[in-house]
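Please look over the model below. The turns that follow take up strands, sheets, domains and contacts.

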Amino acid sequence: MTVRSEPALVAAPKKIRRSWLLAILFLVWIVLARVTKGKATLELPVPENTKFTTWAGDVADSIRGNRTDGAAFKYFFNPIREFIDGFVTIIREFIAIPTGNSSIPVLGWLGVIAVIGFIVYAISYIRMAIAAVLLIFACGALGLWTDSMDTLAMTLAAVILSLAIGIPVGIWAGLSDRALKAVTPILDLAQILPTLVYLAPLALFFLIGPASATIATMVYSIPIAVRLTAFGIRGVPVSPVEAGTSMGTTTRQLLRKVQLPMASRTIILGINQTVMAALSFVVIAALIGAPGLGKPVVEALIIRNVGEGFVAGLAVVLIAIMLDRSTSAAIQKEKSFVPPSDADRKRRKFGLIIGGILTIVSIVLSRQLAWAAYFPEQINVSDKVAHAADSFIVWVTENLEFLTAGLSKVVTVGVLNPLESVLSNSPWFLTVTMITLISLILGGIRSAFITVVLLLAIVASGLWFDTMITFTQTIVATLLTMAVGVVLGVWIGRSARAERMLRPILDAGQTLPAFVYLIPMLGFFGPSRFTAIATGIVYSIPIVVKIVGQGIREVPTTMIEAATSAGSTKWQLITKVQLPAAKKSLLLATNQGLIFVLAVVVIGGFVGAGGLGYLVILGGSKPQLQGKGLVAGFSILLLGVMIDRIAQYTVARNSAPKH
Amino acid sequence: MSDNTSAISVKNLWQVFGPNPEKIVGSPDASLPRAELREKTGNTAAVRDVSFDVAPGEVFVVMGLSGSGKSTLVRCLTRLIEPTAGSVVMHGEDVLKATDARLRELRRTQFSMVFQNFGLLPHRKVIDNIAFALEVNGVSKEKRHARANEVIELVGLQGFAQAYPEQLSGGMQQRVGLARALAVDPEVLFLDEPFSALDPLIRRDMQTEVMRLHKELGKTMVFITHDLAEALKVGNRIAIMRDGAVVQMGTAEELIAHPADDYVADFTRDVPKSHVLTVRTIARPLAANETATDRTIQAGTIIRDATAAVLEANGPVAVLDGTNLVGYIKSRDILQVVGGGS
């Protein structure tokens, strides 16, 4: 026995030391935090400003004062705003708002439905077209026809503009290494930027209204279009490109005849993702004046009317399903490069002609007859749906109290409060030191350096206390997300059946706007910090599960066969082989989880989570706090960058080849 | 061979990857082994000082293991990769000095390439794949389809013109690759391991096919392979590459009879010598106690093909080069080669 235990003692001394160090550090931290509790926490009451936030407010005011005369506005911001405003208005006039001298848009509801059905049929299949028509009709039946149309129009406008910029830039980054190097940092930053952060600054330069909502949406969705287009171009196999070149193509011919056609599937996937990103942002952009379904969602959240919020949220979900399914079906259709047989093509041509005629008839009708122009008011189930949602929530909170109030209490008392008292209720210098040390142990010296710089910047901003509140919620939500996500991820990684079962749910969960999740959570948990946490968990679980599942699945079969033939139990196989081998995926999943959670936790400011998100929202509505709101947004950004850097350095350190 | 009579003349060709490739060529570092060069300068020499000439109508094989630089070499010849130094003269014109426009012109008309992974365009029909080079050169649809149909006949793809690549087997796909390369009626054909991705049986068919096409069309070919049997089957001359340099160049017989070093010897060890060597290589003077029969055999005959005749004879057979006597062989000499004795 003694002989056997020796190798175990020699193995991996470094690893043991690192986890021990962390444990000791936490212990010291807890003790010190208890001793120094409540001192130098830099807490700032909500209505108060610091010198810095006052200054930020003054800067905002002076920018606002410059809007008509400043050169930057006159020749840059205002022309852009006017152009985009004009573009958005044209699209809205088609389906959402009355045109010039008419009382209806260019298309009445029947016309809109027919056009949507026709387009979906043209890019995918008849079944999908029928489903799309039903989904849009349901939006009208929820009493939200005009808002739905506005959301659709805003999404469409933002998508067209995003693709017009994103696809050419993506092609450029696909062809040129230098271009890729130039855009990559911007794309990376855009990916970790929480959506709430840039609403206020954009509104400052482009006013509140559809234009700045569209620009904000573009900021969010252009990087996705760029990334996937570049990825598609770069993913084209080498040999056709070489073959094309060897036959004497010009760069243009190569792009048009070889690279673009072969990348078309990935580019369409990019369009799908761009559409979904735009939709989810258009909803949240209601905060800076985007017309559409975001408005009723925000209003319902503010007055805590779960039933009405649910109706508006449901309409968003229906539109999301419609857009996602029809663009995904278009990808499916592109799967093979072999076109359909002649008979199929003839049938399809016939279908398109019939569909076209029906669509034209519907358009004409919708412009002539009142019943086809205005969505029928008799068809309105919104009260019923709102009532059903309310009663369901009441039933759950009364009968499943242990799940709602109970869960909330366990997490709040058991995890959230203790962590909050360590992070935000102890002196700032203690917290800064400790986080820096953790960053040092996890990611190394460079990680520690960046961490300390960012933390001190947050301290300097004056919103240290609120940042730590948000940070606490982010950590708690991420821990819980990882706990659930790893279990589910291991499950789908090991079982193809579980994968088949969960995949559609995960896909659906990923396409829904984060905002929409807040409504049921608010119903279940009331206005509280836990509501923000629960929303963060629900929102980020799909991505975590997917990454973990992928990592588990990619563990080489030989490794598993070797362990199995050595007599491992299932549990040993998971804990000793699959999870360690998938370590990099676990770290990546944690990183993604943190970023996703942070984005949602700040939105939780709407439902009583406090912290930076609340300050951002407050800054948007109270002029005397606008500076504080802007600084809070900036602090979210700093926090996000810090989290991302620590995670990235930890990943890099753990995947570096060992010497 | 001089530049005037060669189809291709390659001189002192270098391809160096790394931070400062130009500085390596011509410096003392250039002669370092590959690993040392990388250690010392951070550069990797993929092709080192390669020179050779290919006669018109010849099939010139470049052979080597993976990483020997053979694929880089062929890409340098067509400038899919820009060589660091040297010259590649085809029909009196240095390809490396051609402008972009001229290079495109050359690629569209003078030479074409067949790829290991076929490199077909999955979104185009077979006929449009084959007509691609003509299309990018601005040939009208009618004309290029007419030409494509001719080549389709030539490579035995009748009936598949309207199919898409993914509907074809690997062997058929590479026929499309061949047809595509032949469509422009090029002077020179570069084949980069064209059959490595195919099953052995199909590979053999395709080798025969290429030899048939070569006989019919007489194109100059540069054929890259890692398979010695393939090299021996299709090649007039073979260059063996290692670490970016040519170690030996010559006919199959020269390589096997007189390997330049252990590396080449190792390569050729498993080749049945009787299938490659001619009787010339084993002809010897008549021993004192022997009397020649009246039978004769030509010196260029492969030993395998001479076996029956020599074994039937009751003594030494005269080996003639034309009418000149080279020497004599008898059954024991043949059996020694066939039996694998050295």
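Q: Which strand does strand S1 of chain B join by 5 bridges?
A: Strands here are DSSP runs (E) of at least two residues, helices are DSSP runs (H or I) of at least four, and both are numbered from the N terminus. Two strands pair if DSSP finds at least two bridges between them. S1(B) covers residues 8-17 and runs antiparallel to its partner. B:Ile8 stands opposite B:Met90, and the partner, residues 85-90 of chain B, is strand S4(B).

Q: How is the model to be read, and which pLDDT do side-chain atom pairs need?
A: Residues are numbered from 1 along each chain as its sequence is written, while chains are lettered from A and ligands numbered from 1 in the order in which they are written. This is a predicted model, where totals for chains, interfaces and linings use all residues, local features need pLDDT of at least 70, and side-chain atom pairs count only at pLDDT 80 or more.

Q: Which residue takes a positive phi in the hairpin of S4(B) and S5(B)?
A: S4(B) and S5(B), residues 93-94, pair in the antiparallel sense over 2 bridges. B:Val89 has B:Asp94 as its bridge partner. The hairpin has 2 residues between the strands. The residue with phi near 50 degrees is B:His91.

Q: Why is one side of S6 and of S10 in chain B left without a neighbour in the sheet?
A: The open sheet has 6 strands in the order S6-S7-S8-S3-S9-S10, with mixed pairing. S6(B) and S10(B) (245-250) stand at the edges, so one side of each lacks a neighbour there. The reason is that each has a single partner strand.

Q: Which residue is the bridge partner of B:Phe111 in S7(B)?
A: S6(B) and S7(B), residues 188-192, run parallel and are joined by 4 bridges. In S7(B), B:Phe111 has as its bridge partner B:Val188.

Q: What is the average twist from one strand to the next in the sheet S11-S12-S13 of chain B?
A: This open sheet has 3 strands and mixed pairing. S11 (296-298) and S13 (324-329) stand at its edges, each with a single partner strand. Angles run from 0 to 180 degrees between N-to-C directions, with axes as lines fitted to C-alpha atoms, for helices over the stretch in contact. The average twist is 35 degrees.

Q: Which helix gives the most residues to the side of domain 1 of chain A that touches domain 2 of chain A?
A: The bounds come from an automatic or database domain assignment: domain 1 is 1-64 + 400-659 and domain 2 is 70-98 + 147-292. In contact (C-beta atoms, placed from the backbone, within 7 Å) are 24 residues of domain 1 and 15 residues of domain 2. With 8 residues, the top contributor is H29(A).

Q: Which helix supplies the largest share of the side of chain B that touches chain A?
A: Here 23 residues of chain B are in contact with 16 residues of chain A. H4 (100-109), S6 (111-114) and H6 (132-136) of chain B each supply at least two residues of that side. The largest share is 4 residues, from H4(B).

Definitions and conventions: Two residues are in contact if their C-beta atoms, placed from the backbone, lie within 7 Å.
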